[in-house]
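Here are some notes to read beside the coordinates. Please keep the structure open while going through them.

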Amino acid sequence: MELKVFNSLTKTKQAVRPINNTVNFYFCGPTVYWFQHIGNMRAFFVMDSMRRAVKYLGYNINHVMNITDVGHMTSDEDSGEDKMEVASKREHKSPEEIAKFYWDLCHSDMKDLNIEDPEHICPATFVIKEIIDFVQKILDNGYGYITKNGVYFDTSKYPNYGKLGGMNQNEKRFGARIEVDEEKRNPADFVLWVIAKDNHIQKWDSPWGVGYPGWHIECSAIGNKFLGEHIDLHGGGVEHKTVHHENEIAQNYARCGHEVVDIWFHLEHLMFDGGKMSKSKGAIYTLSSLKERGYSPMDLRLFYLSAHYSKPQNFTFDALNSAKESYKNLSRLLLNHKNGTNHIEQSKIDELKQKFSEYVADDVNSPLALSVLWDALKNYPFSVDIYNLALDFDHFLGLRLAEIKPAKLDIPKEIIDLAEERKSARNNKDYATSDLLRDRISELGYIITDKPKNEYELSKK
Ligand code: AMP
Ligand code: ZN
């Protein structure tokens, strides 16, 4: 089935049309200077949903995510200080140590949330040579210029500049500066390579002087290195629409002479207390802090799944509690189906799968896809057929359904002793004693179920 995704550039749902059935997918990754909160994690969850949708619908995938470990200023528009340098001073560690520490934490939260690793995860500092080559090509093709502060992109050379963010020529941003640089040709021009001040820590040799890359160029260079000149799907947070992605589009065009990305998609933010969840705007929660409060990563994943990526999602503990309760109910129903003895007609199963796939294919509609799982679990007699269907759905949902096991009961020693005694009786073919012991166990409030090889399972009545 064909995947359709809402393209922020054309403002229409557009079919993904990969060459040779392999979807080239790029997603803007974390800046590793601080903890990633559950707002950031929503972004990576959306990345994962897009990846899983692609695979569920039968395409192959080549997926790239960058790690920003240099050049991201405290303002997205190139002003302020480099976030890595700020963290390095704050924590008295090298930028490399900072990057490793926060990336490892972020990666571990991603794993906990069952977010699959992209085929390529690439830190910006690993591709400085490719970045320099990319900037050189932009200059060679006449889209850049050099000032005493570094190399700039000349936005007046790219007529579509501002289209993604919906800005006309007069509205183009007036930010975009390292510091005020009087040599800049247009206010919206942005930096590709920054000449480093003497006390700057992260710096490399380049044809334009010792310095470091601007933030936006890393994504173009990394995309080009791993995916070439055609990217089917490119995504990120909605705030990237007006600056970062606008700049990526211009850089790609300047280098390649044609548009590189087919579909741009953007996720809306996780909200908290009336605003975007963000470190600078007050309270944030991390996955670890939620785990300390007794929530599991799958509770959070189920919460994320319940909203479409293109809508802001409001975080409240009421909503998370209800996701936790839902995960419990879902687990109970799933186990009932696992042990179910009914047969469901194949045509019914096909119908449910068709519906589920249609929702996934329609701009990755996770809440509606989830509703098909609930329909299957709740409205059909208990059956392994439904259990297997749920496991199939889980390739998209990622709720670790195959790992759901009956909750371990705290069974009193007295009951276990009776069960063991019964096992010996059965081994000795003393079925009369075995039956008496079963009745005794039942009187005490437990059910014993025989399993192959004379094993047994105890459950509460
Ligand atoms: P950063 O590490 O700041 O570059 O952010 C990593 C990713 O998280 C980016 O794609 C941001 O768009 C995204 N992000 C940041 N805050 C939120 C939020 N409250 N909700 C959803 N995504 C967010
Ligand atoms: Zn990016």
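1. **Overall.** This is a predicted model. The protein chain has 461 residues, of which 52% count as buried. Its secondary structure comes to 14 helices and 16 strands. The C-alpha trace spans about 95 × 50 × 40 Å along its principal axes.

2. **Contact range.** Take the contacts between residues at least 6 apart in sequence. Of these, 73% join residues at least 24 apart.

3. **α8 against α9.** Helix α8 covers residues 297-305. Its axis lies 8 Å from that of α9, and the two pack at an angle of about 105°. Angles of 65 to 115 degrees count as roughly perpendicular, and α8 and α9 are therefore roughly perpendicular to each other. From α8 the contact takes M298, D299, L300, L302 and F303. From α9 it takes A319, L320, A323, K324, S326, Y327 and L330. By class, the contact of α8 with α9 has nine nonpolar residues, one polar and two charged.

4. **α9 against α11.** Helix α9 (residues 317-338) also meets helix α11 (residues 366-379). Their axes come within 9 Å and cross at roughly 50°. That makes α9 oblique to α11. The crossing is left-handed. On the α9 side the contact residues are S326, N329, L330, L333, L334 and H337. On the α11 side they are L373, W374, A376, L377 and K378. This contact divides into seven nonpolar, three polar and one charged residue.

5. **Residues of α9 in both contacts.** S326 and L330 of α9 meet α8. S326 and L330 also meet α11.

6. **α6, length.** Does the span of α6 agree or disagree with its residue count? Helix α6 (residues 244-256) has 13 residues, and at 1.5 Å a residue they should span 18 Å. The end C-alpha atoms are 18 Å apart, which agrees.

7. **α6, burial.** Eleven of the 13 residues of α6 are buried, so the helix is largely enclosed by the rest of the structure. The buried residues are H244, H245, E246, N247, E248, I249, A250, Q251, N252, A254 and C256. What covers them includes the helices α4 (128-140) and α5 (215-227). The cover also includes the strands β7 (150-153), β8 (190-195), β10 (231-237) and β11 (261-267). After α6 comes G257, with a positive phi near 80°.

8. **Positive phi at K11.** K11 is not a glycine, yet its phi is positive, about 60°. K11 sits in the loop between β1 (4-7) and β2 (12-15).

9. **N20 in the β2-β3 loop.** N20 lies in the loop between β2 and β3 (22-27). Its phi is positive as well, near 55°, and N20 is a residue other than glycine. Is N20 buried or exposed? N20 is exposed, with a relative accessible area of 70%.

10. **N21 in that loop.** N21 is also found in the loop between β2 and β3. At 35% relative accessibility, N21 counts as partly exposed. Leaving aside residues up to four places away in sequence, N21 touches G58, Y59 and N60. N21 and N60 are 39 residues apart in sequence, while their C-alpha atoms are 6.1 Å apart in space.

Methods
Residues numbered from 1 in each chain as written. Chains lettered and ligands numbered in written order. Predicted model: local features only at pLDDT ≥ 70, side-chain atom pairs only at ≥ 80, totals over all residues. Heavy atoms only, no water. Axes fitted to C-alpha atoms, helices over the stretch in contact; angles between N-to-C directions. Helix = DSSP H or I, 4+ residues; strand = E, 2+ residues; numbered from the N terminus. Parallel < 35°, antiparallel > 145°, perpendicular 65-115°, else oblique. Left-handed = near helix turned anticlockwise from the far one by under 90°. Contact = heavy atoms within 4.5 Å. Nonpolar A, V, L, I, M, F, W, Y, C, P; charged D, E, K, R; others polar. Expected span 1.5 Å × (residues − 1). Buried < 20%, exposed > 50% of the residue type's maximum accessible area, 1.4 Å probe, protein only.
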